[in-house]
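Visitor: I'm new here. Could you walk me through how the descriptions of this structure are reached?
Guide: Happy to, let's take a look.

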2 protein chains.
Amino acid sequence: MKIGLDIMGGDYAPKATVLGAIEAYKVLQGHKLVLIGDKEAAIGILREHNFDPDNFEYVHTTEVIGMGEHPTKAVVQKADSSISVGFRMLKEGQIDAFSSAGNTGAMLVGSMFSVKTIPGILRPAITTIVPRLNGGINILLDVGANADCKPEVLVQFGVLGSLMAQSVYGIENPRVALMNIGEEEEKGNLLCQATYPLMKETSQFNFIGNAEGRDLFGDAADVFVCDGFTGNIILKLAESFYVITRKKGLKDEFFDRFNYEQYGGSPILGINAPVVVGHGISSPEAIKNMVLLSKDMVESELVAKVTEAFQ
Amino acid sequence: MKIGLDIMGGDYAPKATVLGAIEAYKVLQGHKLVLIGDKEAAIGILREHNFDPDNFEYVHTTEVIGMGEHPTKAVVQKADSSISVGFRMLKEGQIDAFSSAGNTGAMLVGSMFSVKTIPGILRPAITTIVPRLNGGINILLDVGANADCKPEVLVQFGVLGSLMAQSVYGIENPRVALMNIGEEEEKGNLLCQATYPLMKETSQFNFIGNAEGRDLFGDAADVFVCDGFTGNIILKLAESFYVITRKKGLKDEFFDRFNYEQYGGSPILGINAPVVVGHGISSPEAIKNMVLLSKDMVESELVAKVTEAFQ
């Protein structure tokens, strides 16, 4: 397996990304990492850390898509950026997965322009992991790819989240909940009211009904489905809680598990290849786990399973 | 001033509400509390606690609207419920404010059926307080009265939140932010994209642009505006964090300020009288603060100010 890593992506790139690649190398057990970006800079950092550059493959690129750039424009205009090159390689099968802690929008646009959505999928989704109070994880999607969603799109997110929970996290018959503002079927906004009956009827996943904001860290469901507007606000609010507990020096096993570094990043689901987007402030540890999550996505054959589900 | 208190509302009523009335009495300085509900039960509780029942006025009612009842049906069918009677008294001017820790939906329906929305107001909003990390409070609305909102409705919520921040909390020229998923004007769902330009143009409040989930506990804005679906999910997620820190025994001044008991309840804004809804699990302390918030709303003449703003 060859995993492509954008070494120019993230606020601390290329240092954090290259050091993360070293950490990933130690546990990748024979799988090859392809570093995409400024080759000279990478080799300099590796030498500084007494690491043999021959352990990696390299694809040199001359451009970088900044965190604030307009995604579509940047992907189109910067053909030799690490993100654009990464997606070209992914499309051509030169790498089996691609991950980056760079511009999320550019990663989404790059995915849709290059490897494209899986036939039958209306919209891809960005997925995140939240820690459960009693151990384990919950899956939340979408967290920002689609600010406005149709009911059919939310139903598809249920399928995507369910397959990810099974394939990548080994959860059997995952319980899928609709994020809403009340337990009863008739509760919620128009989107949820239209989505609930569709989810209730589907045989594609194990729908257990509505969940509320307070259920996110509990164990009543494994997968929480919402539109990307709601999910992004939830994600950023939850992150701010984590930041607050850290700032205050509150030590607790649960809050430690909030640390995004442990989860590596957010997979983009519903596209024809494994793609993971890391947090902009990714540390070497986070980069390592982003690479390992990419590996898990390849090994679990999640893309093939999603393709099959939508045939 | 006469403040009506529904002594049958909340999970621990009437004991918690009657004990809360005693606490409120100690600080109300001459203003009269009218206890609405089972008079005999109230007097029994007061005598048990060696409190002179003559310190309150009473309006005996024979029915109770349960927490799980359908709001509209319950308000219409239970004419002698404490909530229905409370609103009748409010409409007829026998009390200057009404508060209850009972069925939120019934409180909303009761408001709209009895005192009605202020002319010009499209939809009333339920408002909540969130603690700021560096001290003080932020205001969030709507947190559940309107799951789906039009842009014009969000603009009105900006006016309501701004007037409440000024009148009740003494914040000068309150900064109003639109809760969104990015800082730039063009970010967000269709609702936010349509709302931003309207807020930018308005002279009715000090619009400072978009806020994100992570900004809720910061001091970049004083008022956060969103639809009731988003606000309700935010509110319940934030509450769950508070519950988690309490369960884990984490002591911190900031988390203590999350305690809903301190804020007393959520005002319903945009209606022709001061109405406050308390948390279902309200303790005597929370009931006391709900009554005091009602008093503050009367004294600040918030209803008159909102009426003037929409003339």
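Guide: Let's start with a cut-off: angles under 35 degrees count as roughly parallel. Keep in mind that this model is predicted.

Visitor: Why are H8(A) and H8(B) called roughly parallel to each other?
Guide: Helix H8 of chain A and helix H8 of chain B, residues 228-247 in each, pack at an angle of about 25°. That value falls under 35 degrees, so H8(A) and H8(B) are roughly parallel. Their axes are 10 Å apart, and the crossing is right-handed.

Visitor: Which residues of H8(A) and H8(B) meet?
Guide: On the H8(A) side they include A:Phe229, A:Ile233, A:Leu237 and A:Phe241. Among their partners in H8(B) are B:Phe229, B:Ile233, B:Leu237 and B:Phe241. By class, this contact has twelve nonpolar, two polar and no charged residues.

Visitor: What makes the pair B:Asp252 and A:Lys248 a salt bridge?
Guide: The rule asks for a side-chain nitrogen of Lys or Arg within 4 Å of a carboxyl oxygen of Asp or Glu. For A:Lys248 and B:Asp252 the N to O distance is 3.2 Å, which is within 4 Å, so the pair counts as a salt bridge. The count between chain A and chain B is four salt bridges.

Visitor: What is the area buried between chain A and chain B?
Guide: About 3,300 Å², with carbon and sulfur atoms giving 75% of that. In chain A, the residues that lose the most area to chain B are A:Ile181, A:Phe229 and A:Phe241, together 21% of what that side buries. The contact takes 34 residues from chain A and 34 residues from chain B.

Definitions and conventions: Residues are numbered from 1 along each chain as its sequence is written. Chains are lettered from A and ligands numbered from 1 in the order in which they are written. This is a predicted model: local features need pLDDT of at least 70, side-chain atom pairs count only at pLDDT 80 or more; totals for chains, interfaces and linings use all residues. Side-chain values use heavy atoms; hydrogens and water are left out. Axes are lines fitted to C-alpha atoms, for helices over the stretch in contact, and angles run from 0 to 180 degrees between N-to-C directions. Helices (H or I, at least four residues) and strands (E, at least two) are DSSP runs, numbered from the N terminus. Angles under 35 degrees count as roughly parallel, over 145 as roughly antiparallel, 65 to 115 as roughly perpendicular and the rest as oblique. A crossing is left-handed if the near helix is turned anticlockwise from the far one by less than a right angle, and right-handed if clockwise. Contact means heavy atoms within 4.5 Å. Ala, Val, Leu, Ile, Met, Phe, Trp, Tyr, Cys and Pro count as nonpolar, Asp, Glu, Lys and Arg as charged, and the others, Gly among them, as polar. Buried area is the accessible area (1.4 Å probe) that two parts lose on being put together, summed over both.
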